[in-house]
Amino acid sequence: MTFEQDIKNLRLNKKLTQQELAEIVHVSRQTVSAWENGKNYPSLDVLRELSSLFDVSFEKIIFGEETMTEKQENIADTITKDLSLKKRYKRATLLLGSVFMLLVLWVVILTVGYQKGIDVIDRFNPFLQYTVGYTKLPSEKVIRPNAKNRGYWTRWFSDNEMGTEWTKLTLATGLNPGVEDPYVMAYHKGSYVKIARIVPGSSVNTVMKSNVSAITRLAYSKNHNNLSLNMSSNDTLNNKIHFHQAIQELVVE
């Protein structure tokens with residue numbers, strides 16, 4: 001007998017409807033109907049379930065015989081190998097998909113960390129490089145080492161002499177130990193500050209001082225008439241962590 005005749009007889013002997021058999025082996029009723037009409041055949045896993053359900057040998061389900069000829073054995077081996085390959089491809093696909101999703105998640109975390117100024121994330125961001133930024137040391141009212149902020153303060157730093165790279169950093173330096181015209185030099189990567197030092201203004205070049213003066217006045221003062229502005233409003237600057245446009249004083253005093 002053919003497979004379609006066998007599977008139908010086995011179902012009827014078991015007194016099962018097509019719908020009941022479909023639910024047992026987790027397929028649709030239309031799939032069972034296709035089997036019995038010879039339009040389709042079940043997978044190897046489903047064949048094993050049918051063999052167990054009807055209590056007949058695997059060979060009987062596939063070939064209608066209890067023993068297999070050499071040709072039938074080769075067919076069965078081919079089916080088994082194909083199924084094994086499919087499982088391997090499925091595992092490899094899942095693995096590659098998982099790796100890809102992890103890479104995407106990693107890039108998203110690094111991007112969000114940079115945009116939000118999360119120093120812990122920036123510290124381990126391989127796409128960021130360390131740079132040296134400068135700013136004017138704030139007054140003692142801003143630093144307040146004994147306050148709840150433990151002496152941490154936030155200011156815009158100029159990261160290059162061209163006046164086109166700026167980073168808003170949060171760090172702690174302590175009060176001025178007596179340095180004349182104090183500036184802060186920060187060695188940082190993104191928002192992560194590895195080390196910061198209070199240095200005298202005499203050690204900072206004139207162009208960098210001009211940049212620091214420009215960003216300080218623009219961010220914290222209403223008087224910035226002497227600045228060449230190539231940017232949006234002050235409120236926009238307050239909401240940023242990084243800025244990449246030219247801010248520079250026209251006249252260096």
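## Nonpolar surface patch

Accessible areas come from the Shrake-Rupley method with a 1.4 Å probe, and for residues only the protein chains shown count as cover.

Helix 6 (residues 70–116) supplies the largest share of the patch, five residues. Val 112 is found in helix 6. Its relative accessible area is 36%, so Val 112 is partly exposed. The classes are: buried under 20% relative accessible area, exposed over 50%, partly exposed in between (1.4 Å probe, protein chains only).

## Basis of the model

This is a predicted model: local features need pLDDT of at least 70, side-chain atom pairs count only at pLDDT 80 or more, and totals for chains, interfaces and linings use all residues. Residues are numbered from 1 along each chain as its sequence is written, and side-chain values use heavy atoms, with hydrogens and water left out.

## Overall architecture

The protein chain has 10 helices and eight strands. Helices (H or I, at least four residues) and strands (E, at least two) are DSSP runs, numbered from the N terminus. Of the 253 residues in the chain, 35% are buried.

The accessible surface of the chain comes to about 16000 Å². Carbon and sulfur atoms hold 54% of that surface. Among contacts between residues at least 6 apart in sequence, 50% join residues at least 24 apart. A contact here means heavy atoms within 4.5 Å.

## Salt bridges

A search of the whole structure finds three salt bridges. The criterion is a side-chain nitrogen of Lys or Arg within 4 Å of a carboxyl oxygen of Asp or Glu. One of them pairs Arg 11 with Glu 36, with the closest N and O atoms 2.5 Å apart. Arg 11 lies in helix 1 and Glu 36 in helix 3, so this pair ties together parts 25 residues apart in sequence. Both Arg 11 and Glu 36 are buried.

Lys 136 forms a salt bridge with Asp 181, the closest N and O atoms being 2.1 Å apart. Lys 136 sits in strand 1 (residues 131–136) and Asp 181 in the loop between strand 3 and strand 4 (182–189), so the pair ties together parts 45 residues apart in sequence. Lys 136 is partly exposed at 29% relative accessibility. Asp 181 is partly exposed too, at 32%. Asp 181 also meets Lys 209 in a salt bridge (3.7 Å, N to O). Lys 209 belongs to helix 9 (residues 206–220) and Asp 181 to the loop between strand 3 and strand 4, so this bridge ties together parts 28 residues apart in sequence. Lys 209 is partly exposed, with a relative accessible area of 25%.

## Largest pocket

The largest pocket holds about 270 Å³ of space. Of its 14 lining residues, the closest to the centre are Asp 119, Thr 170, Leu 171, Ser 191 and Val 193. Strand 3 (166–172) and strand 5 (192–200) are the elements that give two or more residues to the lining. Strand 3 gives the largest share, five residues.

The search uses a 1 Å grid over the protein atoms alone. A pocket is an open set of points with protein on both sides within 12 Å along at least five of seven lines, where a 1.4 Å probe fits; lining residues have an atom within 4 Å of a point. Grid points are joined across faces, edges and corners, and the volume is the space filled by probe spheres set on the points.

## Loop residues

Most residues other than glycine have a negative phi. Lys 15 has a positive phi, near 60°. Lys 15 lies in the loop between helix 1 (3–13) and helix 2 (18–24), and counts as exposed at 74% relative accessibility. His 26 has a positive phi of about 65°, although it is not a glycine. The loop between helix 2 and helix 3 (29–36) holds His 26. At 66% relative accessibility, His 26 counts as exposed.

Arg 150 lies in the loop between helix 8 (140–143) and strand 2 (152–158). Its relative accessibility is 64%, so Arg 150 counts as exposed. Arg 150 and Gly 174 are 24 residues apart in sequence and 9.3 Å apart in space, C-alpha to C-alpha.
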